[in-house]
Amino acid sequence: MAFRRRNKSYPFFSQEFLIQNHADIVFSLVIFILIGLMFEATAKTAILFIQPQYNVSTLTPGTTPAYTHGEVTLYHYGWKDCATVLFYLFITIILHAVVQEYILDKINRRLHLSKSKNTKFNESGQLCVFYLVSSLWSFYILATEGYILHPSNLWENYPHSHLRFQVKFFYLTQLAYWFHALPELYFQKVRKEEIPRRLQYISLYLSHILAAYLLNLTRVGLVLLFLQYLSEMGFHLSRLIYFIDETHHKMFELWSVGFVLTRMVTLTLMFLAVGFGLARSENQTLDWEAGNFNTLSIRLLVLFLVCSTQSWLLWKFFRFQLRRTREYRLEQARKRAAAKQQTPRALKRDSGTYTHTHTHTHTHTTHITPSPRHTKKGSIVTVSSL
């Protein structure tokens, strides 16, 4: 199974060989793990990589649409989740190569973009696919778990240490995707000046997702990820449309409004859920075994982490908009100044042409007009006849 066209062969285990064939190598590792399920001696080890661990069967009274009355299987987290994240990290690398080879590369060949625009187009294309899938997935979980119709469930009955399968699997795949983005910086040969910017948002996503997962704030984290992914999908979709048609800017204007609204809703939700909802809970003692982290210091730390990130994003956004407005005004001022300089020159050039033409005509007329004594009888020579 080949994901890349091989125009040139490289020595085994060389840098170029690993970059060119990394998807095939990872695919071989996935097949190796799946083959382990076929043998009894290795099945227990292989299942650690494929299936989420730490499942517990409990009885639920059926207080929400997602939790019907009867026995259900819930999950909590532990160190074995690292193996599951690693396996789905491999899956993500393969899917990344599939999207790149069979979708983005084919579009790039038709657009004939420059190298810098090609890099940005690939980045936006990959992220747009991920944000679309994740936003739809998170919205489905929010709807089926009953968090949309009952927002108070986001903080009631904390700690939410036991998760349904779809919630835990969602968080594991989110961690797998953002961890996979680190080796992709090497596989995609990202330029050195682009690496700090990408590391910046990768580390922000990892820190926030890990905090929500480990502190049992998964319900609030689902809503925040849905809002964030929806906003970022709008930006990258706008950038893709701009690369296809550079005269199209309306999508960026719509995204700007959505970006500011997302920051406001995120800050409001955090203060409502963490600042007021968890603060009113009766159990506010630190309990590692029960997964209760509802203490004043941890709540303040979580609020500081989210609020500082949202404030920083807003500061960057407004600074970019101000710089863009300033550059636009300077450009318009230069155009007006250039137009004023060209107008007097054009008038002067036109007046000079008129004076030269008038003088030349007068001289030419005086030279060819014959004297009366040389004019034949019946002949009339006038300026108009010339």
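Colleague: Is H112 buried or exposed?

Modeller: H112 counts as exposed, at 68% relative accessibility. Exposed means over 50% relative accessible area, buried under 20%, and partly exposed in between, with a 1.4 Å probe and protein chains only. H112 sits in the loop between α3 (81-111) and α4. Helices here are DSSP runs of H or I with at least four residues, strands are runs of E with at least two, and both are numbered from the N terminus.

Colleague: What is the phi of H112?

Modeller: About 55°, a positive value although H112 is not a glycine. K189 has a positive phi as well, near 55°, and is a residue other than glycine. K189 lies in the loop between α5 and α6.

Colleague: Before I go on, what should I keep in mind about the numbers?

Modeller: This is a predicted model, with residues numbered from 1 along each chain as its sequence is written. Local features need pLDDT of at least 70 and side-chain atom pairs count only at pLDDT 80 or more, while totals for chains, interfaces and linings use all residues, and side-chain values use heavy atoms, with hydrogens and water left out.

Colleague: Good. Which residues does the cis peptide bond join?

Modeller: Y158 and P159, with omega about 10°. P159 is placed in the loop between α4 and α5.

Colleague: Back to α5 and α6, at what angle do they pack?

Modeller: Helix α5 (residues 165-187) and helix α6 (residues 195-214) pack at about 160°, and their axes are 10 Å apart. That makes α5 roughly antiparallel to α6. The axes are lines fitted to C-alpha atoms, for helices over the stretch in contact, and the angles run from 0 to 180 degrees between N-to-C directions. Under 35 degrees counts as roughly parallel, over 145 as roughly antiparallel, 65 to 115 as roughly perpendicular, and the rest as oblique.

Colleague: Is the crossing of α5 and α6 left-handed or right-handed?

Modeller: The crossing of α5 and α6 is left-handed, that is, the near helix is turned anticlockwise from the far one by less than a right angle, with clockwise being right-handed.

Colleague: Which residues make the contact?

Modeller: Contact means heavy atoms within 4.5 Å. From α5 the residues include L172, L175, W178, F179 and L182, and from α6 they include I202, Y205, L206, I209 and Y213. By class, the contact of α5 with α6 has 18 nonpolar, 1 polar and 2 charged residues. Nonpolar covers Ala, Val, Leu, Ile, Met, Phe, Trp, Tyr, Cys and Pro, charged covers Asp, Glu, Lys and Arg, and the others, Gly among them, are polar.

Colleague: New topic: how many salt bridges are there?

Modeller: The count comes to 10 salt bridges, taking a side-chain nitrogen of Lys or Arg within 4 Å of a carboxyl oxygen of Asp or Glu. One of them pairs R164 with E145, at 3.2 Å from N to O. R164 lies in the loop between α4 (115-145) and α5 and E145 in helix α4, so the pair ties together parts that are 19 residues apart in sequence.

Colleague: Which residues do shared partners join into one network?

Modeller: E123, R191, E193, E194, R197, R198 and R239 are joined by salt bridges that share partners. The side chains of E193 and R191 meet in a salt bridge at 3.6 Å, N to O. E193 counts as exposed at 55% relative accessibility, and R191 is partly exposed at 35%.

Colleague: Last one: what does L267 touch?

Modeller: L267 touches C307 and Q310, not counting residues up to four places away in sequence. L267 is in helix α8 (residues 250-277) and counts as buried at 16% relative accessibility.
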